[in-house]
Amino acid sequence: MLPVVQDEAARPDLRSLSASELSALVARMGEQPYRARQLYAWLHRKGAASLEEMTDLPRPFRERLAAEASLSTLAIDAVQESTDGTRKYRLRTHDGRFIESVYMPDEAGPQSFDPEADEEEPATRVRRTLCVSTQVGCAMGCSFCMTATMGLLRNLSAGEICDQVYRVNADLRRLGIRGQRPLTNLVFMGMGEPLHNYDNVLRSLEILLSEAGPDFSQRHITVSTSGLVPNIVRFGEETPVKLAVSLNATTDEQRAKLMPVDKKWNIAALIDAVRSFPTRQGRRVTFEYVLLRDVNDSDADAARLSALLKGLPVKVNLIPYNENAGLGFGDPGAERVAAFRKQLGSRGITAMVRKNRGRDIAAACGQLAVEGQRRSRAGN
Ligand code: SAH
Ligand code: SF4
């Protein structure tokens, strides 16, 4: 074992450092530049869980790294598997918090699972998507969302955001999926509000897109936001990945009840931000709309939604509400969902219905991790 050193707070987290920061650290330690490249590859290309694994780095170098920096790795605490192949992971952080990442395989290609639907791609490509968390809990307080019941416990570091990808890749390799990086697509739609943890999310994106690291394509990463308008504008300028916006309602009165963020940045401000979002090929903004029975699923809602989005180069994702959250909202049912979609279609708005993944493993978005937090609190 490498020596365990105290003073966690003062030491940089290796997995959260950019390639240039890692190079600077390695240079300060008096090592050759190629050592930094080796280290970066271990961390982000091979997804190493510990310094012990980095066998081609000299032991004294690893010992100094252990003394001068930290490397905390997420532990898989529980996995629920669905008959459709969806796997929900509950991951434990170094300080005993729980987050959730959801793996969704799709062998049939982009048409059957939509958040990442990409018209430019052949429909036959195998897609393996991971839904990642960005915070432990969430501060936004949406009334229909399980994660909101936790409040915000803390932000995830860039390293923790990336490590969800690395731990799940390792698990998928263990299950026999070949290749260094079984995951092909990422959606930032797990626990937390990504644009409320802006700096760490941006840093994680830089790493996830890096050629020397996991080398994801910018077209295969989508970040979802509840609508933090100023950060949407920054995001558009500072990263090339795709954006999804959770609209979820068609009047401010209704939206503010569901999503307190609307009191700060209303629908008009949100639509304005999306209108000026720099689009390029394959980067149309997606509007997400969670359909809640008898709340926002009427024909009048469909008409207002169409009017709001008229002329915008956007896509719409309808998400039938995932119940079991005990929050008093219901799934409108397949018929109403289809009727809502048809109403949009007749007004020239194309909408996809998000396929329900892992219905048999029941837990609503965020529920596994919420449970973990409750259990650990009760246990302390
Ligand atoms: N905080 C970000 C990303 C995480 S939530 C956001 O709000 O966009 C990801 C998506 O899940 C959002 O569109 C949200 O509206 C939706 N969502 C939350 N709880 C849900 C539930 N129980 N059923 C269906 N969708 C839900
Ligand atoms: Fe947070 Fe998104 Fe849930 Fe709202 S829907 S509470 S923003 S995770």
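A residue is taken to be near a molecule if one of its heavy atoms lies within 4 Å of it. In this predicted model, ligand 2 is surrounded on that basis by Cys138, Met140, Cys142, Cys145, Ala148, Gly192, Glu193 and Ser226. The shell around ligand 2 comprises 5 nonpolar, 2 polar and 1 charged residues.

Helix packing was examined next. Two packed helices are described by the angle between their axes and the distance between the axes. Helix H1, covering residues 19-28, packs against helix H2, covering residues 33-45, at an angle of about 130°, and their axes are 9 Å apart. H1 and H2 are therefore oblique to each other, and their crossing is right-handed. On the H1 side the contact is made by Ala19, Leu22, Ser23 and Val26, and on the H2 side by Arg35, Ala36, Leu39, Tyr40 and Leu43. By class, the residues of this contact divide into 7 nonpolar, 1 polar and 1 charged.

A further pair is formed by helix H4 (residues 158-174) and helix H5 (residues 198-209), which pack at an angle of about 45° with their axes 7 Å apart. H4 and H5 are therefore oblique to each other. The crossing in which H4 passes H5 is right-handed. From H4, the residues Ala158, Ile161, Cys162, Val165 and Tyr166 meet Asn200, Val201, Arg203, Ser204, Ile207 and Leu208 of H5. The contact of H4 with H5 contains 8 nonpolar, 2 polar and 1 charged residues.

Helix H9 (residues 299-309) and helix H10 (residues 334-346) pack at an angle of about 35°, and the axes of H9 and H10 lie 9 Å apart. The crossing of H9 and H10 is right-handed. Asp299, Asp301, Ala302, Leu305 and Ser306 of H9 make the contact with Arg336, Phe340, Gln343 and Leu344 of H10. The residues of the contact of H9 with H10 fall into 4 nonpolar, 2 polar and 3 charged.

Charged pairs were considered last. Side chains of opposite charge can pair when their charged atoms come close. The structure holds 20 salt bridges. One of them joins Arg92 to Asp77, with the closest N and O atoms 3.1 Å apart. Arg92 belongs to strand S2 (residues 87-92) and Asp77 to strand S1 (residues 75-81), so this pair ties together parts that are 15 residues apart in sequence.

Terms used:
Residues numbered from 1 in each chain as written. Chains lettered and ligands numbered in written order. Predicted model: local features only at pLDDT ≥ 70, side-chain atom pairs only at ≥ 80, totals over all residues. Heavy atoms only, no water. Axes fitted to C-alpha atoms, helices over the stretch in contact; angles between N-to-C directions. Helix = DSSP H or I, 4+ residues; strand = E, 2+ residues; numbered from the N terminus. Parallel < 35°, antiparallel > 145°, perpendicular 65-115°, else oblique. Left-handed = near helix turned anticlockwise from the far one by under 90°. Contact = heavy atoms within 4.5 Å. Nonpolar A, V, L, I, M, F, W, Y, C, P; charged D, E, K, R; others polar. Salt bridge = Lys/Arg side-chain N within 4 Å of Asp/Glu carboxyl O.
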